[in-house]
Amino acid sequence: MPEFLILLLPIAAASGWWAAKRSVRKEREKLRNAEIDPAYFRGLNYLVNEQPDKAIDVFVRMLEVNSETVEMHLALGSLFRRRGETDRAIRIHQNLIARPTLSSEQRSQALMELGLDYMNAGLLDRAEALFSELIDNNALINTSLGNLKIIYQHEKDWQKALDVTRRLEEIGEEDQSGDRSHFLCELADIALQEGRDEDAKNYLKEAGETAPEAMRPLLTQATLSLQQQDYTTALRLYQRVAETHPAFIGEFVNQMAECHRATGQEQAWLEWLKALYQRRRSLYVMLAIADEIEHSEDGDEAIRFLNDELAANPSLLGVQRLIRMRLTQQGSGKTTFLETLDALVQSMTDTQSAYQCHRCGFTTRTLHWQCPGCRTWGTMLPTSENNGRYSE
Ligand SMILES: [Zn+2]
């Protein structure tokens, strides 16, 4: 190596050191510029630890400093909505949408959030318009359709609920034929109330084809036939429901009795009930048998039957029926004790729930096709009001 080159080595080393130092300084500067406000992490930390109150305080303070952070606005709006401060959530999301710099994805997200705010505030028309706009823009279609389905059910607009449910299935959502069958039954109920029996029949037929295992279309058809005094058809339909959904027999056992009596088939009815009772110790079948014995034979025999059955399967409704049979036998005027007992048992049965949602546990005294608690269709099942000894 020539000598002068050796002399240059320290200079090269120094310039290399200087260049490296400069590059490190630049990197540090870049990092400093990109540094995220520590408050942001503090806020996130509160969120992770499920302390939304503190998180909101932090984010609100940050918002004044850094109002350009779209994601944070979205998160904040959502937090306000969850806290029930819908007005504030709406303001945040409306401001966000007004920004021209939003990407189409961010705008869709903000529209979705605003739609949810409106739903929360009960402004369903506005929410519907936003979700429809999203669908028209091919954005967040599944969620928008799902929200529209909730809105239309709330508004009892069953035809629209039916349409959006069909669209949800078309775009790959899970089968919702059970819900669709209920919407058709709702349309049938409205048609019946308005005296459009033919329309009702068509809706019920479609409801039955939509969900062949469903109880409701059969039961409504049976009720319609009974109203039209077509006892044979009504009975055939009730028997089908009894076979497919025996736990619900309490809903229609009296109607079945009416059909049998109207057609003079009391004996066949009693035999049918007894055969069913052999297979299934149902409280309502037991009561129907007691009623039938009382009607066709005599009160003593009915009371004996009830006494025996209640000893094996005690139930409040059974005791009440027993008291009333005794009251009937003894006539009026001399039965103060039994009347007091009857009133007492009545007050106890008044507070009993007959149905419970197997999804959320909500209990009701009458059968609701849609659970009033979780708004799911077809989840109410008869409760065991006798400690499970009956197979209801
Ligand atoms: Zn429920």
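A: Begin with a single residue and its surroundings. This is a predicted model. Cys357 has a relative accessible area of 3%, and the cut-off for buried is under 20%, so Cys357 counts as buried.

Q: Where is Cys357 placed, and which residues does Cys357 touch, not counting residues up to four places away in sequence?

A: Cys357 is in strand E1, residues 355-357. Leaving out residues up to four places away in sequence, Cys357 touches Phe362, Cys371, Cys374, Thr379 and Met380.

Q: Is Cys371 buried or exposed, and where is its place?

A: Cys371 is buried, with a relative accessible area of 0%. Its place is the loop between strand E2 (363-364) and strand E3 (380-382). With residues up to four places away in sequence not counted, the contacts of Cys371 include Cys357, Cys360 and Phe362.

Q: What does the UniProt record place at these cysteines?

A: An unreviewed UniProt entry places the feature "binding site" at Cys357, Cys360, Cys371 and Cys374. They span 18 residues in sequence, but no two of their C-alpha atoms are more than 8.6 Å apart, so they gather at one spot.

Q: Which value does phi take in Arg375?

A: Phi of Arg375 is near 65°, a positive value in a residue other than glycine. Arg375 is in the loop between E2 and E3 and is partly exposed, at 47% relative accessibility.

Q: What about phi of Asn138?

A: Asn138 is a residue other than glycine with a positive phi, near 60°. Asn138 lies in the loop between helix H7 (124-136) and helix H8 (141-154). Asn138 is exposed, with a relative accessible area of 63%.

Note on methods:
Residues numbered from 1 in each chain as written. Predicted model: local features only at pLDDT ≥ 70, side-chain atom pairs only at ≥ 80, totals over all residues. Heavy atoms only, no water. UniProt positions renumbered as here; feature names shortened; annotations may be inferred. Helix = DSSP H or I, 4+ residues; strand = E, 2+ residues; numbered from the N terminus. Buried < 20%, exposed > 50% of the residue type's maximum accessible area, 1.4 Å probe, protein only. Contact = heavy atoms within 4.5 Å.
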